[in-house]
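Please open the model in your viewer and keep the sequence panel beside it, so that each selection below can be followed in turn. The tour moves through side-chain pairs and then to a pair of helices.

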Amino acid sequence: MFLRSDKTPLGRWWWTVDHWLLGAVGILLVTGVLLSFGSSPAAAARMHVTFPFHFAIRQCVFALLGASILIGVSMLSARGVKRAAFFIYLASIAVMIALPFIGHEAKGANRWLQVAGFTLQPSEFMKPALLVLVSWMFSEGQKGEGVPGVSIAFVLYFLAVGLLLIQPDVGQTVLITVAFGAAFWMAGVPLSWITGLAVAAVTGLGSTYFIFPHVASRVNRFLQPEHADTHQVTKAAEAIANGGLFGKGPGEGVMKTGVPDVHTDFIYSMAAEEYGLIFSLTLIAVFGVLVVRGLYKSMRLSDPFEQVAAASLFVLLGQQAFINLAVNLNLIPTKGMTLPFISYGGSSVLAMGLTMGMALALTRRRPGAYLPAEGLARAGAFA
């Protein structure tokens, strides 16, 4: 594709970016587009949209924009990633503050901003920016130069969590809390602090059951399905079972005609029904390769900030994929969480392009970026 002697910015990017990670993301993007052509007609009919491939065409546009963002952001230096995260966090927080006044409400939540016919969810873009910033603050605090890095990181985190709970969006709160906790642990802070954070997180999560009625309803439906409406989860389980090893064939699934969120939250179940267990496991394996290799590359980085930031971004993607798959498999209560790069949705695809763009930028091969072989033991501690 490019000669090694190519000194253009694109040529240098190609020979320094990790091709395995880039390839895994490419597979997911293409898979998301292909699956959208199977789910779009049913979604369009249900929403009374005349053109059956309306959502598929939009997903193609989202995928191209997401890929462009990924490539553009992955060409940044580590300093450029910090700067981008700073401005994206500020912009996202500003919009989230304004959402109660200018936001678009759907399904009892006010999380979206309507712009030129599109709905954007600012919290999606806030997540990777927050993780980069808190990793930066943790690394600055470790230098012992008087910067209250840990305190600033917690202020950034609590501000984001507070705005998410106002919407309310408990799922995203859980997601960034897990990723924040991972960054906190990987930064090498005392174990007592990590234990305190874990206790506070579990207590806070438990309290949402009593504070938010929709959380209690979902938990109750999960624990007592015989006394509640579990239509989507039941249909998803039936679809996965009906798919068998090789599936019923492209477009032959019946689940999508009876599940409202098949093109978003339950796209995995539709894929399992039409393409089968082997395809489903392969899709999970691609996510596994992306996360495991990403964490391995992060572990080998020599700079503490780059190490923690890159690893926490891969944790974020892996955790989001896990939540979506677990809901489809009825392992946890339902939550409106998209499958990264696969589910329909502009905010999700674009924000994941930003997330992986930052991760790829931080894991690119640069002089001194990686520890020599003898330093890997130290890197394994994420310290």
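Which kind of contact do the side chains of Lys235 and Glu238 make? Select both residues in this predicted model: their side chains meet in a salt bridge, with 3.9 Å from N to O. Both residues belong to helix α10 (residues 231-243), where they are 3 residues apart, or about one turn of the helix.

Next, select Asp18 and Arg293, whose side chains form a salt bridge with an N to O distance of 2.8 Å. This pair links distant parts of the chain, since Asp18 sits in the loop between α1 (9-16) and α2 (19-46) while Arg293 sits in helix α11 (residues 267-300), 275 residues apart. Asp18 is buried, having a relative accessible area of 2%, whereas Arg293 is partly exposed, with a value of 27%.

Now move to Arg366 and Glu306, which form a salt bridge in which the closest N and O atoms are 2.9 Å apart. Here too the pair links distant parts of the chain: Arg366 is found in the loop between α13 (346-362) and α14 (376-379), and Glu306 in helix α12 (residues 304-328), 60 residues apart. Arg366 is partly exposed, with a relative accessible area of 25%, while Glu306 is buried, with 10%. The count for the model comes to 5 salt bridges.

Finally, hide the side chains and show helix α4 (residues 78-102) together with helix α5 (residues 122-142), whose axes come within 8 Å and cross at roughly 135°. At that angle α4 and α5 are oblique to each other, and their crossing is left-handed. Bring the side chains back to inspect the contact, in which the residues of α4 include Val81, Phe86, Tyr89, Ile93, Met96 and Leu99, and those of α5 include Pro122, Phe125, Met126, Leu130, Leu133 and Trp136. If you colour the contact of α4 with α5 by residue class, its residues divide into 17 nonpolar, 2 polar and 1 charged. Lys82 in α4 is also among the residues that meet α5, as is Ser92, and on the α5 side Ser123 takes part.

Conventions
Residues are numbered from 1 along each chain as its sequence is written. This is a predicted model: local features need pLDDT of at least 70, side-chain atom pairs count only at pLDDT 80 or more; totals for chains, interfaces and linings use all residues. Side-chain values use heavy atoms; hydrogens and water are left out. A salt bridge is a side-chain nitrogen of Lys or Arg within 4 Å of a carboxyl oxygen of Asp or Glu. Helices (H or I, at least four residues) and strands (E, at least two) are DSSP runs, numbered from the N terminus. Buried means under 20% relative accessible area, exposed over 50%, partly exposed in between (1.4 Å probe, protein chains only). Axes are lines fitted to C-alpha atoms, for helices over the stretch in contact, and angles run from 0 to 180 degrees between N-to-C directions. Angles under 35 degrees count as roughly parallel, over 145 as roughly antiparallel, 65 to 115 as roughly perpendicular and the rest as oblique. A crossing is left-handed if the near helix is turned anticlockwise from the far one by less than a right angle, and right-handed if clockwise. Contact means heavy atoms within 4.5 Å. Ala, Val, Leu, Ile, Met, Phe, Trp, Tyr, Cys and Pro count as nonpolar, Asp, Glu, Lys and Arg as charged, and the others, Gly among them, as polar.
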